[in-house]
Amino acid sequence: MQNTRLNNLLDVVGARLAGWLSNPWRRLSLMVISLLFGIFLGTAISTTAGQAADWDIIAAGLLVIFTESASWIFYTINRRRGTRSLVIDMLNALKIGLTYSLFVEAFKLGS
């Protein structure tokens, strides 16, 4: 690529963001936020799909596809490289929160 001002600006912003995210506490806070967002998303999806009973099977199929693809990405990339990316770890935390939320919703419906 050409060395333009916009290219230089994006490089500097990317380097500063990577430096800011290298702090372990910030990384942990982003992981917790992703986990909690997964819990919220699971609750929202199950209640929305429960309102219109036509979408139950489609929503379940999409959630299974998302969960399996997130697991495949997480475990395939971690096997290839020694280091883990923040985005991939956040995706895994989102998947864990989503799965946990669906289990909690199933227990609420069972009682």
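These legends walk through several close-up views of a predicted model. Residues are numbered from 1 along each chain as its sequence is written, and side-chain values use heavy atoms, with hydrogens and water left out. Because the model is predicted, local features need pLDDT of at least 70 and side-chain atom pairs count only at pLDDT 80 or more, while totals for chains, interfaces and linings use all residues.

**View 1. A nonpolar patch that includes Leu-9 of helix 1.** Helix 1 covers residues 5–21, and Leu-9 sits in it; helices here are DSSP runs of H or I with at least four residues, numbered from the N terminus. Leu-6, Leu-9, Leu-10 and Val-13 make a nonpolar surface patch of about 400 Å². Patch members have over 30% relative accessible area and no salt bridge, and nonpolar side chains are joined within 5 Å. A salt bridge is a Lys or Arg side-chain nitrogen within 4 Å of an Asp or Glu carboxyl oxygen. Areas come from the Shrake-Rupley method with a 1.4 Å probe. Leu-9 counts as partly exposed because its relative accessible area is 49%; buried means under 20%, exposed over 50%, and partly exposed in between.

View 2. Buried residues of helix 2 are Ser-34, Gly-38, Gly-42 and Ala-49.

View 3. Ser-34 belongs to helix 2 and is buried, because its relative accessibility is 7%. Its side chain reaches the backbone nitrogen of Leu-94 at 3.5 Å, a polar contact being a donor and acceptor pair of N or O atoms within 3.5 Å, where residues adjacent in sequence count only if both atoms are side-chain atoms. Leaving out residues up to four places away in sequence, Ser-34 touches Met-90, Ala-93 and Leu-94, with contact meaning heavy atoms within 4.5 Å.

**View 4. Helix 4 from its start.** A side-chain oxygen of Ser-85 comes to within 3.4 Å of the backbone nitrogen of Val-87 at the start of helix 4. Buried residues of this helix include Ala-93, Leu-94 and Gly-97.

Notes: Buried < 20%, exposed > 50% of the residue type's maximum accessible area, 1.4 Å probe, protein only. Helix = DSSP H or I, 4+ residues; strand = E, 2+ residues; numbered from the N terminus. Patch = residues over 30% accessible without salt bridge, like charges linked within 9 Å, V, L, I, M, F, W, Y side chains within 5 Å.
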